[in-house]
Amino acid sequence: VNHIKNVLRMEIGDTCLVSCGGKSDLCRIDSYFVDAVSLEIVEEDYTDTELPVKIYLFQGLHYLQ
């Protein structure tokens, strides 16, 4: 609760991805309690988890003689 509310500063209505047992669900924050967060499942078995960008990583090597 602390991490979602105070560190990530997520508000009611924000969405998050919840994964458990190899299954991912897209959820919306419904309400906060003292020691819990209530989520509403927006989409079950959510599979669109890849970022919409491609990353190319290069490494430059410099040899000293």
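Q: Why does isoleucine 4 count as partly exposed?
A: In this predicted model, isoleucine 4 has a relative accessibility of 27%; buried means under 20% and exposed means over 50%, with partly exposed in between, and therefore isoleucine 4 counts as partly exposed. Isoleucine 4 is found in helix α1, which covers residues 2-7.

Q: What does isoleucine 4 touch, not counting residues up to four places away in sequence?
A: With that exclusion, isoleucine 4 touches Arg9, Met10, Ile29, Tyr32 and Val37. For one of these residues, tyrosine 32, the C-alpha atom is separated from that of isoleucine 4 by 9.9 Å, the two residues being 28 residues apart along the chain.

Q: What makes the approach of the side chain of aspartate 25 to the backbone nitrogen of aspartate 45 a polar contact?
A: The side chain of aspartate 25 reaches that backbone nitrogen at 3.1 Å, and the cut-off for a pair of N or O atoms is within 3.5 Å.

Q: Which residues make up the largest nonpolar core?
A: The largest nonpolar core has 5 residues in all, namely Met10, Cys16, Cys27, Ile29 and Tyr32. Strand β2 gives the most to this core, with 3 residues. Leaving out residues up to four places away in sequence, methionine 10 touches Ile4, Lys5, Thr15, Cys16, Ile29 and Tyr32.

Q: What makes lysine 5 count as lying over the face of tyrosine 32?
A: Lysine 5 lies at 5.1 Å from the ring centre of tyrosine 32, and the distance cut-off is within 6 Å; the definition also asks for a position within 35 degrees of the ring normal, and lysine 5 is listed as lying over the face.

Q: How many aromatic pairs does a search of the whole structure find?
A: The search finds 0 aromatic pairs, where a pair would need ring centres within 6.5 Å.

Technical notes:
Residues numbered from 1 in each chain as written. Predicted model: local features only at pLDDT ≥ 70, side-chain atom pairs only at ≥ 80, totals over all residues. Heavy atoms only, no water. Core = buried A, V, L, I, M, F, W, Y, C linked by side-chain atoms within 4.5 Å. Buried < 20%, exposed > 50% of the residue type's maximum accessible area, 1.4 Å probe, protein only. Helix = DSSP H or I, 4+ residues; strand = E, 2+ residues; numbered from the N terminus. Contact = heavy atoms within 4.5 Å. Polar contact = N/O pair within 3.5 Å; in protein donor to acceptor, adjacent residues only side chain to side chain. Phe/Tyr/Trp six-rings, centres within 6.5 Å; stacked < 30°, edge-to-face > 60°.
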